[in-house]
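Subject: Structure for your review, with notes

Dear colleague,

Please find below the structure I promised to hand over, together with its sequence.

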Amino acid sequence: MSQTRGLEGVVATTSSVSSIIDDVLTYQGYHIDDLANYSSFEEVVFLLWNGKLPNKTELETFSNELVANMSVPNEIFNDMKAYPIAEVHPMAALRTAVSQLGLYDQEADEVTEDAAKRIALRLQAKIATIVTGFARIRNGKEPIKPKDNLGFAANFLYMLNGEEPKDVAVDAVNKALVLHADHELNASTFTARVCVATLSDFYSGITAAIGALKGPLHGGANERVMAMLSEIGEVDQVDDYIQGLFDKKEKIMGFGHRVYKNGDPRAKHLRDMSKKLTGIAGESKWYDMSVAVEEKVTNDKGLLPNVDFYSASVYHSLGIDHDLFTPIFAVSRTAGWNAHILEQYADNRLIRPRAEYVGPDTQKYIPLDERS
Ligand SMILES: CC(=O)SCCNC(=O)CCNC(=O)[C@H](O)C(C)(C)COP(=O)(O)OP(=O)(O)OC[C@H]1O[C@@H](n2cnc3c(N)ncnc32)[C@H](O)[C@@H]1OP(=O)(O)O
Ligand SMILES: O=C([O-])CC(=O)C(=O)O
């Protein structure tokens, strides 16, 4: 048996949800640039789950269903109030709350296509309420109910901040949600598929995926990018700081990718958004610093920014707490996780690879009282 470290290059399933071919990313065959430039997040979610873009009536119905399903059982918010809240990372809170959400869904263990689609819708809707509700509760505020007249991105910001957001913020969050919605067989999506391929339930799959996304080599990188930029502080400190990381052989967060070797096609959208939004916020230094980091890392190491790099300064300029960056990624990626879980259920086979054994040769068993 031979093995490939980290399963690099291994094709583990077929999928029609999204593809990365020759560095071009598509969702159900639609180019990511078109979706990022023209689509609402709701349209993209519909596309990922149904394999086609919605018409106007379908989109209106679907968007209304999402808002109608956003409420979360009070017990979940009450339990959050009992968390050791000052120390709890929002990704840990999200992982816990999504798992708990399954306790209140009477269909949770159904894996039929119809039930799975209903669960997907409920999860997509409620995850936004969980993230924003936790963000408010830890600041001593009450969660806010969504408004019927607002779309998904606008409701997310409304439930977070308690005031109706400006169009520029809604457009930015919408685009970020579209860009993060799916990405072929990334680590968290693979995790979700492995979990539900045992015919376990939807909530277990999404809970497992949240756990995988949380790590700094995956979705957790965006928060760490902001920590790095904050530590650098000023543009003229970039070169020395990054050189220091090279010298210590530390990874530069937000750079590199397992699949893209010529650049992540989502990064340019986020770079443009970062330039615009940091300018509007009167905080261009975060964009300028990011560009200087990119120049240094690319020139010296040939590494290019991934989706996490410029999303950090985008979210920062919208006034979003840094530890909410990865939960926002999770809100978006739930669309993709759901699509992959639906696809897995539709044509399931247990996912069970092999390991190449490298442990000790066969050993003689020594009874406990004879061991030294
Ligand atoms: C949404 C997402 O998940 S996007 C990815 C988010 N994660 C990050 O931004 C964290 C930083 N990046 C990384 O750790 C990696 O590039 C990953 C995890 C994304 C991809 O990893 P892999 O495909 O396993 O590449 P691997 O870690 O083996 O790196 C290959 C080489 O490039 C180097 N390298 C890769 N990324 C980086 C980086 N960000 N900084 C410094 N060096 C890097 C490695 O040190 C290694 O060098 P070596 O061969 O001299 O040892
Ligand atoms: O595909 C990956 O390995 C990571 C990634 O960019 C994503 O999940 O968006």
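Where in α6 is the kink centred, and of about what angle is it? In this predicted model, the kink in α6 is centred on Lys-126 and amounts to about 25°. Helix α6 itself takes in residues 113–137, 25 residues in total, and the distance from its first C-alpha to its last is 35 Å, which is close to the 36 Å expected at 1.5 Å a residue.

A bend is also found in helix α16, where the angle is about 40° at Arg-333.

As to the overall organisation, the domain assignment of the protein chain gives domain 1 (16–215 + 325–346) and domain 2 (221–317). The C-alpha centres of domain 1 and domain 2 lie 26 Å apart, and the contact between them involves 16 residues of domain 1 and 19 residues of domain 2. On the domain 1 side that touches domain 2, at least two residues each are supplied by β2 (24–27), α1 (32–38), α8 (167–180) and α16, and α8 gives the most to that side, with six residues.

The largest nonpolar core contains 103 residues, among which Val-44 and Leu-48 touch the most other members. The element that gives the most to this core is α6, with eleven residues. Because domain 1 (16–215 + 325–346) and domain 2 (221–317) both give residues to this core, it lies between them. Leaving aside residues up to four places away in sequence, Val-44 touches Tyr-27, Leu-35, Ser-39, Val-178, Ala-181 and Ala-335.

Turning to annotation, the unreviewed UniProt entry lists His-257 and Asp-308 under "active site". These two positions are spread over 52 residues of sequence and yet cluster in space, the largest C-alpha distance being 10.6 Å.

Are these two residues buried or exposed? Asp-308 has 29 other C-beta atoms within 10 Å and is therefore buried, since the cut-off for that class is 20 or more. His-257, by contrast, has 19 C-beta neighbours inside 10 Å and so counts as partly exposed. His-257 lies in the loop between α12 (238–247) and α13 (267–280), whereas Asp-308 is found in helix α15 (residues 307–317). If residues up to four places away in sequence are not counted, His-257 touches Asp-264 and Asn-306, while Asp-308 touches Ala-221, Asn-222, Val-225 and Gly-254.

Glu-58 is found in helix α3 (residues 56–68) and is partly exposed, with 14 other C-beta atoms within 10 Å. Glu-58 and Phe-46 are twelve residues apart in sequence, and their C-alpha atoms are 8.8 Å apart in space.

With best regards

Methods. Residues numbered from 1 in each chain as written. Chains lettered and ligands numbered in written order. Predicted model: local features only at pLDDT ≥ 70, side-chain atom pairs only at ≥ 80, totals over all residues. Helix = DSSP H or I, 4+ residues; strand = E, 2+ residues; numbered from the N terminus. Expected span 1.5 Å × (residues − 1). Bend = angle between axes of the 7 residues up to and from the residue. Core = buried A, V, L, I, M, F, W, Y, C linked by C-beta atoms within 7 Å. Buried ≥ 20, exposed ≤ 12 C-beta atoms within 10 Å, placed from the backbone. Domains from an automatic or database assignment. Contact = placed C-beta atoms within 7 Å. UniProt positions renumbered as here; feature names shortened; annotations may be inferred.
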